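Please open the model in your viewer and keep the selection tool at hand.

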Amino acid sequence: MDKEYQNYLESLIEWGGEKVKNKIQESSLPEEEKQHAIQQVVIWQNNIYEILKQEESDIDIDRLEDLRLAGENIFQEMRQPQTKDSVPYGKHQLPALPYQYNALEPYISEQIMRLHHTKHHQSYVNGLNKAEKALYIDKKDPPIKHWLREQAFHGSGHYLHTIFWFNMTPNSKKQPSGEILQQINKDFGSWNSFKKLFTDIAKSVEGNGWAVLVWSPRSGKLAIQSYEKHQFFQLPDTIPLLVLDVWEHAYYLQHQTDKVAYINNWWNVVNWDNVNDRFEEAKKLKWTLF
Ligand SMILES: [Fe+2]
C-alpha cells in the first residue's frame, strides 16, 4: 500500500481514538446518546481498519469516500451536540449502522447490508436533501408536484430505512417482551398470531414496499399496515398537524369544480389553537436526528 495513503488512513483512526471518545464522555449529552456516539466512532474505526488490511488494488474508492463523509458527520455532531435540535432542510445524513455489516449473518448477508445501506439508503438521503432544497430553500417554480413526489419517495426511504436498521440487532431475543408484548397480546391475542398476521401482510406487498407495525394514539391500539409504493405522497414517521380535505366530496355541492374558492374559504375556519395543541403534543416526542 502506498505510504502516504496508509498514513492518511492511520491518521483517520488516530483521530477517532481515545481523544475523541474522551471528548464525548466529557460532553453534556445524555448517557444513552454518549454511548451511541462512542459506538459510532468504534464502528467507524473498525471499518477503516478493514480497509487498511486490504491490498491497495482491492480498495473501493466509493467506500473510502463514504467513510470519510461518515467521519465528518460524527465530528460535526460532536462539535455542536448541544445546539442541534433539528436537521436543516437539505442536510439529512446517512446514519451509521449500529453494528458491523456482517453482524446479521447468516440471516442477512454482509454483501446485501453493505449495498442496502451505502448505496440505496444513501441515495434516499441525497434525494430527500435535493427535494427539500427545491421546496423550502430555492423555492423552485412548479412543477411543485415533482418535488413533492421526490420528497415523499426519498423521505419515506430515509425515514423507514432509519427505523429498519435500528429495528434489527445481532443479539435478538427472538421474541418481544415488556410493554410491547403486553400490548401485542392484548390487541392481537398472542405473539404467534401477531407474527402470522405481520408475515402475511409482508407477503401481500406487491413489488416495492414495507410491512409496518404502528401505534395509533387515536385508537390506543397497535395496527399493522403495508406501505406499498411508498412514493405516493406519504411521509411516514411524521405527525400531521394541519390537514385539508381536497377530495371533491368536500366542496362540489357548494363550489362545483372551483377547488381554489374552497381552499381560499377554508383558511377562514382553521382552528389554530387546535393546530398549536397538536404541535405542542407532537414536539414532546424526541428521537435522534438524522
Ligand atoms: Fe430498502
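Select Leu181, Ile184, Asn185 and Phe188 in H7, together with Trp191, Ser193, Phe194 and Leu197 in H8, which they meet; contact requires C-beta atoms, placed from the backbone, within 7 Å. Of the residues in this contact of H7 with H8, six are nonpolar, two polar and none charged. Here Ala, Val, Leu, Ile, Met, Phe, Trp, Tyr, Cys and Pro count as nonpolar, Asp, Glu, Lys and Arg as charged, and the others, Gly among them, as polar.

This is a predicted model, in which local features need pLDDT of at least 70, side-chain atom pairs count only at pLDDT 80 or more, and totals for chains, interfaces and linings use all residues. Residues are numbered from 1 along each chain as its sequence is written.

Now display helix H7 (residues 178-188) and helix H8 (residues 191-204) whole: they pack at about 75 degrees, with axes 8 Å apart. H7 and H8 are therefore roughly perpendicular, the term for angles of 65 to 115 degrees.

Next, select lysine 174, in the loop between helix H6 (144-166) and H7. Lysine 174 is not a glycine, yet its phi is positive, about 70 degrees. Lysine 174 counts as exposed because it has 4 C-beta neighbours inside 10 Å; the cut-off for exposed is 12 or fewer other C-beta atoms within 10 Å, these atoms being placed from the backbone.

Finally, select proline 106, in the loop between helix H4 (61-79) and helix H5 (110-137). A cis peptide bond, with omega about 5 degrees, joins glutamate 105 to proline 106.

Methods:
Axes fitted to C-alpha atoms, helices over the stretch in contact; angles between N-to-C directions. Helix = DSSP H or I, 4+ residues; strand = E, 2+ residues; numbered from the N terminus. Parallel < 35°, antiparallel > 145°, perpendicular 65-115°, else oblique. Contact = placed C-beta atoms within 7 Å. Buried ≥ 20, exposed ≤ 12 C-beta atoms within 10 Å, placed from the backbone.
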